[in-house]
Amino acid sequence: MLYATTARTHLGNIRRNLEGVRVRVTADRPDRLVLAAVKADHEATLTYMREPVGSTASPINSFFALVADDPSVQIVSEAQLAYAQPLMAQTRWKNLPILSAAAPFKSGGRSGSSFYTDIPAGPLALKNIADIYLYPNTVQSVKVSGADVREWLERSAGVFNRIDPDFYD
């Protein structure tokens, strides 16, 4: 039995046939018994993921996340701040500024030309939140110096290529 990927796209079954030292892996069609066994849970999960959790007046997409301010990254950053601020207010660090670091998870690249977030304006469901934030990460608060922030910003900027307008290829 194969487990679902982090993108929750595949669940499968592989049968292995050992022939001497060679291994042959074959992929089967969906197993009807497995489908029947998980049908009710699968339908309940779909219903849960489709539940409304809010709305957006503007589309949320990540098409230009690597070159401009991006709503899919901004919403994650704002959510992290909203979570951290009341918790930090109860600590000895309550007077320190809080910065939120967020990265574009779905911005094409090695994951393919269709690997983007594209949520239309209107109601938001839990599935949309899962599309924006793919990973089961936790929020961490770390005290850093101004030099640390500067170094982090310099390192982050390394993802961008500098275009020289005087250079012709």
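These are my notebook entries on one predicted chain.

**Ground rules.** I worked on a predicted model, where local features need pLDDT of at least 70 and side-chain atom pairs count only at pLDDT 80 or more, while totals for chains, interfaces and linings use all residues. Residues are numbered from 1 along each chain as its sequence is written, and side-chain values use heavy atoms, with hydrogens and water left out.

**Overall layout.** I listed four helices and six strands; these are DSSP runs, helices being H or I of at least four residues and strands E of at least two, numbered from the N terminus. From the N terminus on, I read the order as β-β-α-β-β-α-β-β-α-α. Of the 169 residues, 16% are buried (under 20% relative accessible area, with a 1.4 Å probe and protein chains only). I looked up contacts (heavy atoms within 4.5 Å): among those with a separation of 6 or more, 56% join residues 24 or more positions apart.

**Ser62.** I found Ser62 in the loop between strand E4 (60-61) and helix H2 (71-88). Ser62 counts as buried because its relative accessibility is 1%. Leaving out residues up to four places away in sequence, Ser62 touches Asp70, Ser72, Lys106, Ser107, Tyr116 and Thr117. Ser107 is 45 residues away along the chain, yet the two C-alpha atoms are separated by 5.9 Å. I also noted that the Ser62 side chain reaches the backbone nitrogen of Thr117 at 2.8 Å.

**Asp131.** Next I went to Asp131, in helix H3 (residues 126-132). Asp131 has a relative accessible area of 19% and is therefore buried. Its side chain makes a polar contact with the side chain of Thr117 at 3.3 Å (N or O atoms within 3.5 Å, one able to donate a hydrogen and the other to accept it; residues adjacent in sequence count only if both atoms are side-chain atoms). With residues up to four places away again left out, Asp131 touches Lys106, Thr117, Asp118 and Ile119.

**Largest pocket.** I then took the largest pocket, about 1,400 Å³ of space. A pocket is an open set of points on a 1 Å grid where a 1.4 Å probe fits, with protein on both sides within 12 Å along at least five of seven lines; lining residues have an atom within 4 Å of a point. Of the 40 lining residues, Leu99, Ser100, Ala101, Ala102 and Trp152 lie nearest the centre. H2 gives the largest share, seven residues. The lining divides into 27 nonpolar, nine polar and four charged residues.

Technical notes. Buried means under 20% relative accessible area, exposed over 50%, partly exposed in between (1.4 Å probe, protein chains only). Grid points are joined across faces, edges and corners, and a volume is the space filled by probe spheres set on the points. Ala, Val, Leu, Ile, Met, Phe, Trp, Tyr, Cys and Pro count as nonpolar, Asp, Glu, Lys and Arg as charged, and the others, Gly among them, as polar.
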